[in-house]
Amino acid sequence: MKKNIELRPNLETLFGTRDENLHLLEDGFNVIIDLKPDSVEIDGSPDDVARIEQIFDDFEYLRAHGQQVFNGELTSMLRVIVADPKVTLRQLADAGRQRSVGSKRQVQPKSINQRLYLEAIEQSDMVFGIGPAGTGKTYLAVAMAISALISKKVSRIILARPAVEAGERLGFLPGTLQEKVDPYLRPLYDALYDLLEPEKVDRFLERNVIEIAPIAFMRGRTLNEAFVILDEAQNTTSEQMKMFVTRLGFNSKAVITGDITQIDLPNPNRSGLIEAMNVLQGVEGIRFQMFNETDVVRHHLVQRIIRAYEDYRSRDDRQLSLHLEGEGARADSDIQTISANPKESAAVQQ
């Protein structure tokens, strides 16, 4: 089926740099898009052509209503649309506007798992975001917290992290309390300053509207009307995780993020995040969202690095399994030899 769409003013913005968005749509929907002097011709199955036509119509609607979608955000939104047939460009743009974090930017998912993560945060009081580095777990959680604060859904934001490298014995480190904990909490500061004007962040920090602290300082507190984020949760102990998830008070929301492949605890098997995944799975009001290397939004090399490490780990596990099977087979053979020749075996032992 072929369909011609009139080339309206400013529609070229949808095409992207060097028509990268059109190439994305061609690959994602298995269609051919041909640019003509006064129209765009789309050739493909009726359903796919209809989806492309809806994207063009949605883009024109957003532009006519004064909503600017920049190329980087637009490309990310198109990737989500390609991955999820139930989503439209207009729906994503409207959701991003509702999640506005002030004058600086809107919160837009860059993958289908990120979209599910944002929806889970909106719909549930406690959400676990688990996956490799660079998938936006912490950044999106901080963005949603700021959005909730600006829209007055919460009265404060609390950001926590375990200070594993110092064993949480912060008194032995030089400097003031703030100077002791800042190195461990720097990624949270980075997200805040990227999403809000520096003056506003400083003002919120001074007034304790935004509080950043090691998880050790959460003990004994009840957190009401707060958006609470626990970052690097894979480095919490079982006791710390249980303590944190029971801090939640009235009208509060908690997001716990972590990467179970990067556990820095002396005994990785005691990770509070791994235990929580087993204990809290299926509890009403708690959602788990898993990420993988396809959700990485950093440099494209990061995806390849994560995949290489996963491939290496799986090969290592297979080799260990084969080695253990070989050792077991040799042990069985030795036992059978001893059983068959008990006198000879006894003589050898003597």
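**Exercise 1.** In what order do the six strands of the open sheet stand?

*Solution.* A word on the model comes before the steps. This is a predicted model, in which local features need pLDDT of at least 70, side-chain atom pairs count only at pLDDT 80 or more, and totals for chains, interfaces and linings use all residues. Residues are numbered from 1 along each chain as its sequence is written, and side-chain values use heavy atoms, leaving out hydrogens and water.

Step 1: Read off the order, which is β6-β5-β7-β8-β4-β9, with parallel pairing. Strands are DSSP runs of E with at least two residues, numbered from the N terminus, and two of them pair if DSSP finds at least two bridges between them.

Step 2: Look at the edges. β6 (210-214) and β9 (286-290) each have a single partner strand, so one side of each is left without a neighbour in the sheet.

**Exercise 2.** Find the partner of β8 that joins it over four bridges.

*Solution.* Strand β7 (residues 226-230) pairs with β8 in the parallel sense over four bridges. Within β8, Ala-254 stands opposite Val-228.

**Exercise 3.** Is Thr-257 buried or exposed, and which side chains does its own side chain meet in polar contacts?

*Solution.* Step 1: Locate Thr-257 in strand β8 (residues 253-258).

Step 2: Thr-257 counts as buried because its relative accessibility is 1% (buried is under 20%, exposed over 50%, partly exposed in between, with a 1.4 Å probe and protein chains only).

Step 3: Its side chain makes polar contacts with the side chains of Asp-231 at 2.7 Å and Thr-138 at 3.4 Å (a polar contact is a pair of N or O atoms within 3.5 Å, where within protein one must be able to donate a hydrogen and the other to accept it, and residues adjacent in sequence count only if both atoms are side-chain atoms).
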